[in-house]
Amino acid sequence: MKALVLYESMYGNTRRVAEAIAHGLDDTMPALAVPVSDVTEEQVAECELLVVGGPTHVHGMSRPSTRRSAAGVASATAEVDFGAQVNVGIREWLSAAHPAVPAQSAVAFDTRNHGPVLITGRASKGITEGLRRAGFRLLAKSESFEVGPGPSLVPEELERAARWGGELGRLIKDRGA
Ligand SMILES: Cc1cc2nc3c(=O)[nH]c(=O)nc-3n(C[C@H](O)[C@H](O)[C@H](O)COP(=O)(O)O)c2cc1C
């Protein structure tokens, strides 16, 4: 049994959350965090659980235009390959995604600004809808991880991401998926 944490990240926050989730999953099954621009069909086909996440841009999933603005204001510390990330995001991946086996399990997450969801919006809503539409079986409710106050995740959010990964691992094992 394997898990794949598929993510999109311009500034590294969603990448750090994805890696923490994979770390939490590792207690129950081998888990790998992979950027959406690099993922292969084989990696998706080989996993029993797919965890899919991205940053919230303009209240929902990012688009090429919002990724371009993010790249435009990139700080010197940004670590991503902007060319790849601007063109391929979770939204584009979802438009062609399909389960490798009937009802392959999946679950969504996002990162977003600190604050009430009514004000921030959340990308995980659209990711969940995309996964359902594509035919994945939703293992659990989606989760949001908050950035800030300030530009980065507080360590407690990464610890929560690892705990959530652990819970997902136990859930899918208990269900014998
Ligand atoms: C163009 C753009 C639009 C954004 N819009 C929102 C938003 O509507 N709501 C929100 O909570 N955060 C918003 N954010 C903040 C990001 O969701 C947040 O910084 C996220 O963690 C970035 O993830 P990354 O570091 O993986 O790229 C926006 C960021 C950018 C660059």
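Guide: Let us begin with R68, which counts as partly exposed because 13 C-beta neighbours lie inside 10 Å. Please keep in mind throughout that this is a predicted model.

Visitor: Why is V58 called exposed?

Guide: The cut-off for exposed is 12 or fewer, and V58 has 12 C-beta neighbours inside 10 Å, so V58 counts as exposed. V58 sits in the loop between β3 and α3, and H59 is found in the loop between β3 (49–55) and α3.

Visitor: What is noted about the phi angles of V58 and H59?

Guide: V58 has a positive phi of about 45 degrees, although V58 is not a glycine. For H59, which is also a residue other than glycine, phi is near 75 degrees, again a positive value.

Visitor: How do you know that V36 is buried?

Guide: The label needs 20 or more other C-beta atoms within 10 Å, and V36 has 21, so V36 is buried. Its place is the loop between β2 (31–35) and α2 (41–45). Leaving aside residues up to four places away in sequence, V36 touches L6, Y7, E8, V88, G89, I90 and W93. V36 and A22, in turn, are 14 residues apart in sequence and 15 Å apart in space, C-alpha to C-alpha.

Visitor: Why are α1 and α8 called oblique to each other?

Guide: The axes of α1 and helix α8 (residues 155–175) come within 6 Å and cross at roughly 45 degrees. Angles under 35 degrees would count as roughly parallel, and those from 65 to 115 as roughly perpendicular, so α1 and α8 are oblique to each other. The contact involves R16, V17, A20, I21, A22, H23, G24 and L25 of α1, together with L158, A161, A162, R163, W164, G165, G166, L168 and G169 of α8. By class, this contact has 10 nonpolar, five polar and two charged residues.

Visitor: Which residues come nearest to the ligand?

Guide: There are 21 residues around the ligand, and of these Y11, N13, T14, P55 and T120 come nearest. At least two residues of the shell come from each of α1 (13–25), α3 (64–72) and β4 (105–113). The shell divides into six nonpolar, 13 polar and two charged residues.

Visitor: Which residues does the cis peptide bond join?

Guide: The bond joins G148 and P149, with omega at about 5 degrees. P149 is placed in the loop between β6 (143–147) and α8.

Key
Residues are numbered from 1 along each chain as its sequence is written. This is a predicted model: local features need pLDDT of at least 70, side-chain atom pairs count only at pLDDT 80 or more; totals for chains, interfaces and linings use all residues. A residue is near a molecule or strand if its C-beta atom, placed from the backbone, lies within 6 Å of it. Helices (H or I, at least four residues) and strands (E, at least two) are DSSP runs, numbered from the N terminus. Ala, Val, Leu, Ile, Met, Phe, Trp, Tyr, Cys and Pro count as nonpolar, Asp, Glu, Lys and Arg as charged, and the others, Gly among them, as polar. Axes are lines fitted to C-alpha atoms, for helices over the stretch in contact, and angles run from 0 to 180 degrees between N-to-C directions. Angles under 35 degrees count as roughly parallel, over 145 as roughly antiparallel, 65 to 115 as roughly perpendicular and the rest as oblique. Two residues are in contact if their C-beta atoms, placed from the backbone, lie within 7 Å.
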